[in-house]
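Visitor: Could you take me through one part of this model up close? I'd like the local picture, and then how it sits in the rest.

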Amino acid sequence: MIYKVITKSEFRKFVSGLIRENQTIGPKLVDSDREGNPIYQFKEVNSFDEMDLDYTQADYSIKNFYLPFREELSRFDYSNSDWEQNIEYHVHPRVIVGVRACDINALTKLDKIFMKGNFPSPHYIARRKNTFLIGMDHEPLDDCFCKSLNQDVVRHGFNLYCTDIGKSYYLTINSSKAFNFLRNVKTSDPGKEDDRKYIERRKYLKKKFRTHVEVTGLPALMDIEFQSDVWKKWGDKCLNCGSCAMVCPTCYCHGVEENIEVNLKRSRKERVQYSCSIVDFAEVAGGHNFRPLKEDRLKYRFYHHYRGFAENADEQICVGCNRCGRACLAGINPRDVINDLRMESEE
Amino acid sequence: MKYLGIDIVKPRLAVFDFTGCEGCELQLVNKEETLVDFLSLFEVVNFREASSDKSDAYDIALIEGCISRQDEVERLKAIRGRVKILVALGSCACCGGVNHLKNGFPIEDVVRQVYGDRKIETEKVRSLKEVVQVDLEIPGCPVSKAEVERIVIALVTGAEIRMPKYPVCVECRQQLNTCLFDFGEICLGPITLAGCGAVCPSGKVGCRGCRGPADDANYESFIDVVVDKGFTEAEIRKKIEFFNAFEGPAKDTIASLIQKRIKTFNAFSGVRA
């Protein structure tokens, strides 16, 4: 890891250069809600000023730039007497700016599944390898609980990470690509004062967390409370609408569809983002459904997130961003569900 | 025409309209980029909007509109007698649709309101399945051409017809939309069957549920949500009853839930005030 310091005006020049040369995605103000609160989304930008790097919350994570809601896995052509399969995972180099620590950690978790898992996805790998990721720290929102899960700091999974130290950014350089890019602009080695400000800033951000979720021994607790009534209580509220999974930075469960084109000469195999809370997620041939009950579907989503399963060996995949909690119309959120489970076992 | 080297027998297709706006029929001839291929999947033998053929020999009939007159009943029964697969096309055919709103008033009042003293033969509207046996329903106001294409492809290739079972929210979130409840709108997305690509919420218009209920829709929780957000019984009913897509037991369940929840909500607000 190499550390450098860059002034904010020089950083602006640096990012503007990247925007000029590459497809760049950054946080953008897109709307405001009924109370006038800003709504931000990661979208393609054409200039530095289109971005708002001080964005508060983005309803959607950057997951969909790596795992689009619908993506073509392969294409078949049978217009001649034989058939041909075509697999394409060509991705143009691109840049994503302003990603929070927890969202980068979410990508690192997805890497374990789609790059290092038993069935790596060439599509995911192409997107991941061809994306230059610039992370940025931020003040936690009221309901962020990434600190409880140790996801508020990030050590890898990015090219460059910026810590705001006033008039400059303290840069953590994590790839040769980032190091080489930075040769084109003015940076300096951090001095004593910069180091002090950096540590100060880290401490400050740590103190700013207002939501804490007690996760000690959570995987075991989940096993103990497998039959708990808590699941029914929250399951009864669940609308099965899948919103939680769609906004989650780590939910990656999907289905595969085969679609024949109208001319009957070609077809596509597509991966479609799905959710374990959706009614037919566990439906198999013949219409049998292994999880017909809402409470079971909700329970298994929590199990996957907080207990982990074989694929990621007991690692919790939640990063504590609470996007699911904010998106849920029925008011289901990890903090309350986990607290309920704890009360259950402590009674 | 071949698929995977096997000859496809083109079904003979007819399209008929009953009481409706013909918008669903228009959808069939929309989406020009695939229209020629779409029309090559079958032999159109009777389709007023697209052909001058008037044959009575067909395998599949797509039927738009609901039934609101006695002569329509006779016509529909005659079609049923001739056809192998009868498909209800669009919300009017599936559940009465917008036309069903008139069933809430005495029929004489409805006629007088629209036609004055002119004598008009009309009765309470019925969906197709209230009159004849329906083999397949494609909901929507209007139907989604993309979905019709998928279904027709499945029919001609002998594949299983797959339709979503989950609610509109799934597709709405996939469009990266901001939830309409955040804008203070009431939206039936959480209880309505997806398949439309969430067109209305994507245009910032709350879902009115034209496709009917999603599988295992959670009415209890949904009514809790809308009542808690302060929507009135009239506002909720207006949305839910618009297309009559939440018919039968769903309608009664929802009605009693609204009653129950509004009462508790008012009781609590009373305490708070």
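Guide: Let's start with A:R297, which is buried, because its relative accessible area is 2% and the cut-off for buried is under 20%. Keep in mind that this is a predicted model. A:R297 sits in helix α9 of chain A, which spans residues 294-306. Who are its neighbours? Leaving out residues up to four places away in sequence, A:R297 touches A:N240, A:C276, A:S277, A:I278, A:V279, A:R291 and A:P292, and also B:D216 from chain B.

Zooming out to the chain around it, chain A has 11 helices and 11 strands. Buried residues make up 54% of its 347 residues, A:R297 being one of them. Of the contacts in chain A with a separation of 6 or more, 72% are between residues 24 or more positions apart. Along the principal axes, the C-alpha atoms fill a box of roughly 70 × 65 × 40 Å. The accessible surface of chain A is about 16400 Å², and carbon and sulfur atoms hold 48% of that. As for charge, chain A has 53 positive and 51 negative charges, and their mean positions are 5 Å apart.

Helix α10 of chain B covers residues 233-241, and its buried residues are B:I236, B:K239 and B:I240. They lie on the same side of α10(B), because their arc around the axis is only 95 degrees. The face turned away from the buried side of α10(B) carries the exposed residues B:A234 and B:K238.

Most residues other than glycine have a negative phi, and most peptide bonds are trans. The bond from B:C141 to B:P142 is cis, with omega near -5 degrees, and B:P142 is in the loop between β7 (136-138) and α6 (145-157) of chain B. B:K31, not a glycine, has a positive phi of about 60 degrees; B:K31 lies in the loop between α1 (23-28) and α2 (32-40) of chain B and is partly exposed at 26% relative accessible area. B:L176 also has a positive phi of about 60 degrees without being a glycine. The loop holding B:L176 runs between α7 (168-174) and α8 (199-202) of chain B, and B:L176 counts as partly exposed at 22% relative accessibility.

How values were computed. Residues numbered from 1 in each chain as written. Chains lettered and ligands numbered in written order. Predicted model: local features only at pLDDT ≥ 70, side-chain atom pairs only at ≥ 80, totals over all residues. Heavy atoms only, no water. Helix = DSSP H or I, 4+ residues; strand = E, 2+ residues; numbered from the N terminus. Buried < 20%, exposed > 50% of the residue type's maximum accessible area, 1.4 Å probe, protein only. Contact = heavy atoms within 4.5 Å. Areas by Shrake-Rupley, 256 points an atom, 1.4 Å probe, with all protein chains shown as cover. Lys, Arg positive; Asp, Glu negative; His and termini not counted. Charge placed at Lys NZ, Arg CZ, Asp CG, Glu CD. Arc of directions from axis to C-beta.
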